[in-house]
Amino acid sequence: MNPEQRAGGTAEDRAGILLVDDMEDNLIALEAVLGSLNEPLVRARSGEEALKALLRQRFAVVLLDIRMPGMDGFETATHIKRLDQTKDVPIIFLTGTDSDAGYAFRGYATGAADYLTKPFDPWVLRAKVSVFLDLHRKNRQLERMLAREQRQFEQLSAHLDELDTHLSSHPAQDIFELRHHVRRMEETLRQLRST
């Protein structure tokens, strides 16, 4: 069994974890803590790099340092939440213990899902990230299920349109052909019920 099957997902369900911090030591620490989750870890050393990464691939969660030169974490989060493609990606802010008391409020106000103070408990961080990974997998499964149901409803609608067209053009309808159309619709309905 491969890691993604153990995690309960398929290759389609996988999404990276974006690690955003300008300090190499912090990125190494995050990779050490999250490596056991068997999900792709992608580094960004600035807010600009983070935005580029988010536009290139899907991420289940972003771990975002607040204090960075140039575009800080708050500005980065604001840009992430403004873009349609990235607005739903959860953000966990990471900051030092000496941070301003208003940072947590400001972080949540920019749309952060969570806020952790460094040094963080590795078990707590891994547990929080795992929750977002599970949510991402479930959302992907739901998207696929809804797409499949939509295709099935479209098939049923096409069958009904075909039947309606046929009945309106043939007043003396052949009963055998009518039964055939009804069976096709029944089969489509059975497929819908089994999903």
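This is a predicted model: local features need pLDDT of at least 70, side-chain atom pairs count only at pLDDT 80 or more; totals for chains, interfaces and linings use all residues.
Contact, in what follows, means heavy atoms within 4.5 Å. By that criterion, and not counting residues up to four places away in sequence, Arg126 touches Val33, Leu34, Ser36 and Leu37.

Is Arg126 buried or exposed, and which side chain of opposite charge is nearest? Arg126 is buried yet forms no salt bridge. The nearest side chain of opposite charge is that of Asp121, 7.3 Å away. A salt bridge requires a side-chain nitrogen of Lys or Arg within 4 Å of a carboxyl oxygen of Asp or Glu.

I turn now to the salt bridges that are present. Across the whole structure, the search finds 11 of them.

Next come Glu143 and Arg58, which meet in a salt bridge at 3.7 Å, N to O. What does this pair tie together? Glu143 lies in helix α6 and Arg58 in the loop between α3 and β3, so the bridge connects parts that are 85 residues apart in sequence. Glu143 is partly exposed, at 39% relative accessibility. Arg58 is likewise partly exposed, with a relative accessible area of 44%.

The remaining pair is Arg137 and Asp134, with a salt bridge of 2.8 Å, N to O. These two residues are 3 apart in helix α6, which means that about one helical turn separates them. Arg137 counts as buried, at 8% relative accessibility, whereas Asp134 is partly exposed, at 36%.

Arg58 leads us to the largest pocket. Its volume is about 360 Å³. Which residues lie nearest the centre of this pocket? They are Arg58, Phe59, Asp88, Val89 and His136, out of a lining of 18 residues. Two elements, β3 (59-65) and α6 (122-169), each supply at least two residues of that lining. Helix α6 provides the largest share, namely 6 residues.

I close with two features of the backbone. By way of background, most residues other than glycine have a negative phi, and most peptide bonds are trans. Where does this model depart from a trans peptide bond, in the case I wish to show you? The bond from Lys118 to Pro119 is cis, with omega near -5°. Pro119 is found in the loop between β5 (114-118) and α6.

The other feature concerns Asn38. This residue has a positive phi of about 60°, although it is not a glycine. Asn38 is placed in the loop between α2 and β2. With a relative accessibility of 35%, Asn38 counts as partly exposed.

Terms used: Residues are numbered from 1 along each chain as its sequence is written. Side-chain values use heavy atoms; hydrogens and water are left out. On a 1 Å grid over the protein atoms alone, a cavity is a set of points where a 1.4 Å probe fits but cannot get out, and a pocket is an open set with protein on both sides within 12 Å along at least five of seven lines; lining residues have an atom within 4 Å of a point. Grid points are joined across faces, edges and corners, and a volume is the space filled by probe spheres set on the points. Helices (H or I, at least four residues) and strands (E, at least two) are DSSP runs, numbered from the N terminus. Buried means under 20% relative accessible area, exposed over 50%, partly exposed in between (1.4 Å probe, protein chains only). Lys and Arg count as positive and Asp and Glu as negative; His and the chain ends are not counted.
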